[in-house]
Amino acid sequence: QVRLVESGGGLVQPGGSLRLYCAASGAVAAISAMGWYRQAPGKQRELVARITDGGSTNFADSVKGRFTISRDSTKNTVNLRMNTLKPEDTAVYYCHAVTGNPPVTVNYWGQGTQVTVSS
């Protein structure tokens, strides 16, 4: 089992920045990738950014060049730095971790943290 706890959401003006933090505990040695998803009202949950234990990253097209993701394996944390925020970035952001490798994987989710971009 892996437990994920997020922090760092809040209200920010358009063009501003926020950093989200996620701390993992439990079976962290089994984690093969971590990342962030988001879900806006009335929309499906979507991938924002992801980083594997080998350091490979991928981002949603809508956040490329504005968001960065980093992982500290020694501290079992993954961080999302969000710059030049737009109102359409408003959503609940969820930390995600996956253990194992395809086809045998298990997904874990944090409780979510609200990010609101508004003037």
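Me: What makes strand 7 and strand 8 count as a pair?
Reply: Happy to walk through it. In this predicted model, 6 bridges join strand 7 to strand 8 and the two run antiparallel. Pairing asks for at least two bridges, so these strands qualify. One example is Asp72, which stands opposite Thr77 in strand 8. Strand 7 and strand 8 also form a hairpin, with 4 residues between them. In that turn, Asn76 has a positive phi of about 55°.

Me: Why do strand 1 and strand 7 stand at the edges?
Reply: The open sheet has 4 strands in the order 1-3-8-7, with antiparallel pairing. Strand 1 (2-7) and strand 7 (67-72) each have a single partner strand, so one side of each is left without a neighbour in the sheet. Strand 3, by contrast, is joined to strand 8 by 6 bridges, with Leu80 as the bridge partner of Leu20.

Me: How do you know that a disulfide joins Cys22 to Cys95?
Reply: The S to S distance is 2.0 Å, and the cut-off is within 2.5 Å, so the pair counts as a disulfide. The structure holds 1 disulfide. Cys22 lies in strand 3 and Cys95 in strand 9 (residues 91-101), so the link ties together parts 73 residues apart in sequence.

Me: Why is this disulfide called left-handed?
Reply: The torsion about the S-S bond of Cys22 and Cys95 is about -85°, so the disulfide is left-handed.

Me: What makes Cys22 and Cys95 count as buried?
Reply: Buried means under 20% relative accessible area. Cys22 has 1% and Cys95 has 0%, so both residues are buried.

Technical notes
Residues are numbered from 1 along each chain as its sequence is written. This is a predicted model: local features need pLDDT of at least 70, side-chain atom pairs count only at pLDDT 80 or more; totals for chains, interfaces and linings use all residues. Side-chain values use heavy atoms; hydrogens and water are left out. Buried means under 20% relative accessible area, exposed over 50%, partly exposed in between (1.4 Å probe, protein chains only).
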